[in-house]
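Here is a short report on one protein model. Take a look at the structure, then read on.

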Amino acid sequence: MAIVNNLCVFINVSFLLVFLSFSASAERQKTVEFNVKPGGVVHTFKEAVKEYECSFTYASQGGTNEQWLMSVGLSDDDKLFSCSVWRPQGKSYLFFTQFKAELKGTKIKFANAYSQTAGAGHSDVPLKPEEFTIGESTVTHTDGKFSAQLSKLTAIGQTRHDEL
């Protein structure tokens, strides 16, 4: 258990360091609000910075619309693009039948998904590794293994930006 806790601390600190390397300018970082809508219909929400785009595609059931946030950011050196999608109130009450995040123009170097986000005395609760799959540019639910609980998804991709 200590190894798992140390790994979680390392990942959180690593993410924080990467996040802090992102500029706060409007051209390089933005956070937008959107509604996650139940009803079993597939929906997609997209946001971009320069030529890099994050899209979040999902279908969910139960409850009513929930307010979620998407943050996208590009590092000062244009080498890392990040995308986070989360419910700021913590745990979502919707049941997700599917989800996929795609980072266009990048190769994912880190990603994680959570059933509960930090807040109100609770900490982030990551999904089990077998519940989702990290591909070259996507993070998706794993059919038959995903528990239908999602409250946060984070991905950091290395851009294909090359110095001349």
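## Aromatic pairs

The structure holds 8 aromatic pairs. In this predicted model, local features need pLDDT of at least 70 and side-chain atom pairs count only at pLDDT 80 or more, while totals for chains, interfaces and linings use all residues. Residues are numbered from 1 along each chain as its sequence is written, and side-chain values use heavy atoms, with hydrogens and water left out.

Rings of Phe, Tyr and Trp (its six-membered ring) pair if their centres lie within 6.5 Å; planes under 30 degrees apart count as stacked, over 60 as edge-to-face and the rest as tilted. Tyr-58 and Phe-96 have ring centres 6.1 Å apart and planes at 65°, so this pair is edge-to-face. The pair links distant parts of the chain: Tyr-58 belongs to strand β3 (residues 52-61) and Phe-96 to strand β6 (residues 95-104), 38 residues apart. Tyr-58 and Phe-96 are both buried. Buried means under 20% relative accessible area, exposed over 50%, and partly exposed in between (1.4 Å probe, protein chains only). Ring pairs also build a cluster from Phe-34, Phe-45, Phe-56, Tyr-58, Trp-68 and Phe-96.

## Overall make-up

The protein has 1 helix and 11 strands. Helices (H or I, at least four residues) and strands (E, at least two) are DSSP runs, numbered from the N terminus. From the N terminus on, the order is α-β-β-β-β-β-β-β-β-β-β-β.

Of the 164 residues, 40% count as buried. Take the contacts with a separation of 6 or more: residues 24 or more positions apart account for 66% of them. Contact here means heavy atoms within 4.5 Å.

## Strand pairing

Strands of a sheet pair through backbone hydrogen bonds, either parallel or antiparallel. Two strands count as paired if DSSP finds at least two bridges between them. An open sheet is formed by 6 strands in the order β1-β4-β5-β11-β7-β8, with antiparallel pairing. β1 (29-36) and β8 (125-126) stand at the edges with a single partner strand each, so one side of each has no neighbour in the sheet.

Strand β5 (residues 80-86) and strand β11 (residues 152-159) pair in the antiparallel sense over 7 bridges. Trp-86 stands opposite Lys-152 in β11. β3 and β6 are also antiparallel, over 9 bridges. There, Cys-54 has Leu-103 in β6 as its bridge partner. β6 pairs with strand β10 (residues 138-141) too, in the antiparallel sense over 3 bridges. Ala-101 has Val-139 in β10 as its bridge partner.

## The nonpolar core

A nonpolar core is a set of buried Ala, Val, Leu, Ile, Met, Phe, Trp, Tyr and Cys residues joined through side-chain atoms within 4.5 Å. Which residues touch the most other members of the largest nonpolar core? Of its 29 residues, they are Phe-56, Met-70, Phe-81, Phe-96, Phe-99, Val-139 and Leu-150. The elements giving two or more residues to this core are β1, β3, β4, β5, β6, β7 and β11.

Leaving aside neighbours within four places in sequence, Phe-96 is in contact with residues including Val-36, Phe-56, Tyr-58, Trp-68, Ala-148 and Leu-150. Ala-148 lies in the loop between β10 and β11. Ala-148 counts as buried, at 16% relative accessibility. Ala-148 has a positive phi of about 75° although it is not a glycine. Lys-50 is not a glycine either, and has a positive phi of about 55°. Lys-50 sits in the loop between β2 (43-49) and β3.

## Polar contacts in the loops

Asp-124 lies in the loop between β7 (106-116) and β8. At 23% relative accessibility, Asp-124 counts as partly exposed. The side chain of Asp-124 makes a polar contact with the side chain of Lys-152 (2.9 Å). A polar contact is a pair of N or O atoms within 3.5 Å; within protein, one must be able to donate a hydrogen and the other to accept it, and residues adjacent in sequence count only if both atoms are side-chain atoms. The Asp-124 side chain also reaches the backbone nitrogen of Ala-118 at 2.6 Å. The charged end of Lys-152 sits over the ring of Tyr-114, 5.0 Å from its centre. That label requires NZ of Lys or CZ of Arg within 6 Å of the ring centre and within 35 degrees of the ring normal.

Asp-78 is found in the loop between β4 (66-74) and β5. Asp-78 is buried, with a relative accessible area of 16%. The side chain of Asp-78 makes a polar contact with the side chain of Arg-28 (2.3 Å).
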